[in-house]
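This briefing is written to be read alongside the sequence and the coordinates. Please keep both in view while going through the points, which are grouped by topic.

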Amino acid sequence: MFDRFIRIARAEKALREQRFEDALQQALDPVVASARRAATVRDAAVAALLARGRQRLADGDAAGARALARRLQAWVGGGVALKLLAAADSALGRMPPVAVRPPLDAAGRRAMLDEVDRLVHGGDLSQAQRRLADVPATSLLLRTRIHDMKRELARAQGLEGPFLLRVDEGGEFLVVRGESVAFGNLRQARADVPILANLAGRHAAVRRSMSFHGGMQDVVVAEEGEVRVAGASTPRHALAHGDRVQLGPAFGFVYERPSPRSLTARLALLGGFQAGGADAVLLMKDRGRDGRILVGPSPEAHVRVASATGEVELHAGVDGQIRVAARGGGRIDGVPFDDEHPLAAGQFVEAAGVTLRLMPWRPAP
């Protein structure tokens, strides 16, 4: 009973956050599907997605409307999205469907996952990701398999560790996931982030920890070299927004927490130094939307893009896969996506006047 309550609560939370596809899939879970609250979520999510599809059609995005209608038809069936699908097909110059297709059964879902598995092992990661997003996870067994496949896909994409975030008109950022990042000399290559500067091999580290009362706390710790904060030497210092940290005679950074909506921090490098070719390092709080990286026109954004018309966010899901979200959706490699979608390395994202790309990064040997 408690498990059913938790699952319904998650579906309702997704609905409130306007993650309508997530809300729908959770409400269709056989464990909760017969509950009145789950049915309410299902109906509201379907109505919202249909409205979104009609808006896409009105905006001239027939391909996006058709993709959304096809997902709805596969998940819910019963002709729920046939009118939208027919209108989209007509706009694309295609014949409308003539039959009502039932939602995918268990065998159909397993076949889709087998196809995704073949695509991953064949190296077609972008297509694998698109197909995986279309699989309705309506049983515990399938959800477990989908979760495992997402983790495998994330590893194959090379984004499970540090990566470069490249944003048009915003710059380039080295994103580091995890609870600790060490800075040190490039020649010795013993640090997580090697810098071409006069530093010890593992000069110092920024360590992150969560506490129930204090929230996320970042601490800079001297390891093999001296650390100075505001000019004073210290072996250990709890960082606050605006702190100037000096490592060695020349290299340093300013610690920033630009947004109260995110636990991700930004280290703005000083003295013309770069990390992985980037002028700043983002310490991304892993696993969860509370670690979102915000890209947009606001002063609270981690990456400022003055010409952006809205906000784009990146975060790591509970499965570790990087996801992109934007109100109203956008395009990934030219293919429309709704509010939130998994993101593979090398894909181009266009949303809210922002263009960005993620690339795997490994320190040079």
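**Helix packing and selected residues**

In helix 2, Glu-21, Leu-24 and Gln-25 meet Leu-68, Arg-71, Leu-72, Trp-75 and Val-76 of helix 4, where contact means heavy atoms within 4.5 Å. The model is a predicted one, in which local features need pLDDT of at least 70 and side-chain atom pairs count only at pLDDT 80 or more, while totals for chains, interfaces and linings use all residues. Residues are numbered from 1 along each chain as its sequence is written, and side-chain values use heavy atoms, with hydrogens and water left out.

**Overall make-up**

- The protein chain has eight helices and 22 strands, these being DSSP runs numbered from the N terminus (helices are H or I with at least four residues, strands are E with at least two).
- Of the 365 residues in the protein chain, 50% are buried; buried means under 20% relative accessible area, exposed means over 50%, and partly exposed lies in between (1.4 Å probe, protein chains only).
- The protein chain exposes about 16900 Å², of which carbon and sulfur atoms supply 53%; accessible areas come from the Shrake-Rupley method with a 1.4 Å probe, and for residues only the protein chains shown count as cover.
- When contacts between residues at least 6 apart in sequence are considered, 47% of them join residues at least 24 apart.

**Helix 2 against helix 4**

- The axes of helix 2 (residues 20–27) and helix 4 come within 11 Å and cross at roughly 15°, with axes taken as lines fitted to C-alpha atoms, for helices over the stretch in contact, and angles running from 0 to 180 degrees between N-to-C directions.
- That angle makes helix 2 roughly parallel to helix 4 (angles under 35 degrees count as roughly parallel, over 145 as roughly antiparallel, 65 to 115 as roughly perpendicular and the rest as oblique).
- Helix 2 passes helix 4 in a left-handed crossing, a term that applies if the near helix is turned anticlockwise from the far one by less than a right angle, whereas clockwise is right-handed.

- In helix 5 (residues 82–91), the buried residues are Leu-82, Leu-84, Leu-85, Ala-88 and Asp-89.
- An α-helix has 3.6 residues a turn, so residues three or four places apart point the same way.
- Lys-83, Ser-90 and Ala-91 are exposed on the other side of helix 5.
- The cover over the buried residues of helix 5 includes helix 3 (36–58) and helix 4 (62–76).
- Just after helix 5, Gly-93 takes a positive phi of about 80°.

**Helix 3 against helix 5**

- Helix 3 and helix 5 pack with their axes 10 Å apart, at an angle of about 15°, and are therefore roughly parallel to each other.
- The crossing of helix 3 and helix 5 is left-handed.
- On the helix 3 side, Leu-50, Gly-53, Arg-54 and Leu-57 meet Leu-84, Ala-87, Ala-88 and Ala-91 of helix 5.
- Leu-57, in helix 3, is partly exposed at a relative accessible area of 23%.
- Not counting residues up to four places away in sequence, Leu-57 touches Ala-62, Ala-65, Leu-84, Ala-87, Ala-88 and Ala-91.
- The C-alpha atoms of Leu-57 and Ala-88 are separated by 6.8 Å, although the two residues are 31 residues apart along the chain.

**Buried residues in strands**

- Leu-247 belongs to strand 10 (residues 244–247) and, at 1% relative accessibility, counts as buried.
- Leaving aside neighbours within four places in sequence, the contacts of Leu-247 include Phe-183, Leu-199, His-203 and Phe-253.
- Between Leu-247 and Phe-183, which are 64 residues apart along the chain, the C-alpha separation is 8.8 Å.
- His-315 is found in strand 16 (residues 312–316) and is buried, with a relative accessible area of 3%.
- Residues touched by His-315, not counting those up to four places away in sequence, include Met-284, Arg-289, Arg-292 and Glu-340.

**Positive phi outside glycine**

- Glu-169 is not a glycine, yet has a positive phi of about 65°; Glu-169 lies in the loop between strand 1 (163–167) and strand 2 (171–177) and is exposed, with a relative accessible area of 65%.
- Arg-287, also not a glycine, has a positive phi of about 60°; Arg-287 sits in the loop between strand 13 (280–284) and strand 14 (293–296) and counts as partly exposed at 40% relative accessibility.
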